[in-house]
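Reader: Could you walk me through how to read a few features of a structure like this one?
Author: Gladly; let us look at it together.

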Amino acid sequence: MNRVPYIGITDFTHYSQVEEMLQMFNSHQMQGRRRLHVGVMMSYKTLYGIDTSWAKSFPKNEAIASIFASSHAMNCLHYADYDAENALLLEENLTRAVSFGGPGMNALQLDMLWPNPGAILGAVASVRQPIEVIVQVGKQAFIQADDNPAEIVKSLQPYVGIAHHVLVDKSMGKGQGMNAEALLPVVRAIRGAYPQFDITVAGGLGPSSIDLVRPVVREFPRVSIDAQGKLRRSGDAHDPIDWDMAAEYLKQALVMFR
C-alpha cells in the first residue's frame with residue numbers, strides 16, 4: 001500500500017477543532033501529499049471508567065466517533081496502557097476500545113510496550129473498515145533495548161504484516177524535546193530492516209520547536225510527525241490544547257514539508 005505521510009496533532013476533543021485544522025490544511029494545498037492525523041486519546045482506565053488524572057483531558061468514549069466524522073483525515077485512536085494492565089485481556093480491551101471509534105476511525109496507535117501481535121489482529125478484525133496500525137517505540141522500549149537500534153529492530157519483527165507505521169518517540173506525549181541526532185540511528189535501522197513500515201517521529205514538537213525535527217526530515221523527507229505535549233502554554237499535558245498554538249505548529253509543518 002502506498003500510504004501518504006501525515007502531520008499529526010493528538011488530543012482532539014471536539015469535531016469543531018478538526019474542522020478548523022482541516023481548513024488550514026486544505027488552504028496549503030497538501031491534498032495527496034500529506035494527511036492530517038487526528039489523534040484522540042484513550043487509556044485502559046478511561047476505557048473502563050476508572051479514576052485517572054487524564055479523565056478531564058480525554059474525550060468521553062461515546063464522543064470519539066463524532067470527532068472522527070471527516071473522511072478527509074487520518075482518524076486515529078491512541079490507546080495507552082504503559083502499565084500493561086490486564087495484558088492477558090488485551091484483545092478484549094482493544095476490541096472494546098475500537099468499538100467506540102465508529103465508521104470514521106481508520107487508524108489505531110498502540111501506546112504501550114510491545115503489545116501482543118495476535119491481540120492487535122483480533123481487535124482490528126472486529127472493525128469493518130481498513131485500519132492502519134501504528135506501533136510505538138517509546139521511552140520504555142529504548143530503555144529495554146539499552147538504546148541499541150539492533151535490539152529495537154529485533155523487537156519489531158513480530159509486527160511485520162500487522163503494523164503499517166512505527167512511531168519513534170521518547171517523549172510519549174509529555175513534551176520532552178526531540179534529540180534528532182539520537183533518533184536518526186534508530187530510524188535508519190528500522191528503514192533498512194523494514195522498508196514496508198512507514199516511520200513517524202515525535203517528541204516535543206510545537207510552534208516554537210518544529211526545527212527539532214528538520215535533521216530527520218532532511219534525510220527522510222517522507223517521514224510523518226506528531227505533536228501533543230508542546231501545544232499547551234502551561235506545558236502540562238493534562239491541560240486542553242491551545243488551538244492557536246496548534247494552528248501555528250500546523251502552519252509551520254505544512255511549510256516545512258511543502
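Reader: Let us start with Val 217: is Val 217 buried or exposed?

Author: This is a predicted model, so every value here is computed from predicted coordinates. For burial, we look at relative accessible area, and under 20% counts as buried. Val 217 has a relative accessible area of 11%, so Val 217 is buried. Val 217 belongs to helix H9, which covers residues 214-219.

Reader: Which residues does Val 217 touch, leaving out those up to four places away in sequence?

Author: Val 217 touches Val 223, Met 256 and Phe 257.

Reader: Thanks. Now two helices: at what angle do H7 and H8 pack?

Author: For a helix pair, read the angle along with the distance between axes. Here H7 and helix H8 (residues 180-193) pack at about 40 degrees, and their axes are 9 Å apart. Because angles under 35 degrees count as roughly parallel and 65 to 115 as roughly perpendicular, this angle makes H7 oblique to H8. The crossing of H7 past H8 is right-handed.

Reader: Which residues make that contact?

Author: From H7 come Pro 149, Ile 152, Val 153 and Leu 156, while H8 contributes Pro 185, Val 186, Ala 189, Ile 190 and Ala 193. By class, the residues of this contact are nine nonpolar, no polar and no charged. As for spacing in such lists, the general idea is that an α-helix has 3.6 residues a turn, so residues three or four places apart point the same way.

Reader: And helix H5: which of its residues are buried?

Author: Helix H5 spans residues 117-125, and its buried residues are Pro 117, Ala 119, Ile 120, Gly 122 and Ala 123. These buried residues pack against H4, strand E4 (107-111) and strand E5 (132-137). Look also at the start of H5, where a side-chain oxygen of Asn 116 comes to within 2.8 Å of the backbone nitrogen of Gly 118.

Reader: You mentioned H4. What does the side chain of Asn 93 make a polar contact with?

Author: Asn 93 sits in helix H4 (residues 90-98). Its relative accessible area is 2%, so Asn 93 is buried. The side chain of Asn 93 makes a polar contact of 2.8 Å with the side chain of Tyr 48.

Reader: What joins the side chains of His 78 and Thr 10?

Author: A polar contact of 3.4 Å joins them. His 78 lies in strand E3 (residues 74-80), and at a relative accessible area of 1%, His 78 is buried. Not counting residues up to four places away in sequence, His 78 touches several residues, among them Thr 10, His 37, Gln 109, Asp 111 and Asp 226.

Reader: Now backbone angles. What is phi of Asp 11 near?

Author: Phi of Asp 11 is near 110 degrees, a positive value in a residue other than glycine. Asp 11 is in the loop between strand E1 (6-10) and helix H1 (15-27). Asp 11 counts as buried because its relative accessibility is 6%.

Reader: And Asp 146: where does Asp 146 lie?

Author: Asp 146 lies in the loop between helix H6 (139-144) and helix H7 (149-156). Phi of Asp 146 is near 55 degrees, again a positive value in a residue other than glycine. Asp 146 is exposed, as its relative accessible area is 67%.

Reader: Let us finish with Arg 258. Is Arg 258 buried or exposed?

Author: Exposed means over 50%, and at 55% relative accessibility Arg 258 therefore counts as exposed. Arg 258 is in the segment after helix H10 (243-257). Leaving aside neighbours within four places in sequence, Arg 258 is in contact with His 28, Met 30 and Arg 33. Arg 258 and Leu 36 are 222 residues apart along the chain, with their C-alpha atoms separated by 14 Å.

Technical notes: Residues are numbered from 1 along each chain as its sequence is written. This is a predicted model: local features need pLDDT of at least 70, side-chain atom pairs count only at pLDDT 80 or more; totals for chains, interfaces and linings use all residues. Side-chain values use heavy atoms; hydrogens and water are left out. Helices (H or I, at least four residues) and strands (E, at least two) are DSSP runs, numbered from the N terminus. Buried means under 20% relative accessible area, exposed over 50%, partly exposed in between (1.4 Å probe, protein chains only). A polar contact is a pair of N or O atoms within 3.5 Å; within protein, one must be able to donate a hydrogen and the other to accept it, and residues adjacent in sequence count only if both atoms are side-chain atoms. Axes are lines fitted to C-alpha atoms, for helices over the stretch in contact, and angles run from 0 to 180 degrees between N-to-C directions. Angles under 35 degrees count as roughly parallel, over 145 as roughly antiparallel, 65 to 115 as roughly perpendicular and the rest as oblique. A crossing is left-handed if the near helix is turned anticlockwise from the far one by less than a right angle, and right-handed if clockwise. Contact means heavy atoms within 4.5 Å. Ala, Val, Leu, Ile, Met, Phe, Trp, Tyr, Cys and Pro count as nonpolar, Asp, Glu, Lys and Arg as charged, and the others, Gly among them, as polar.
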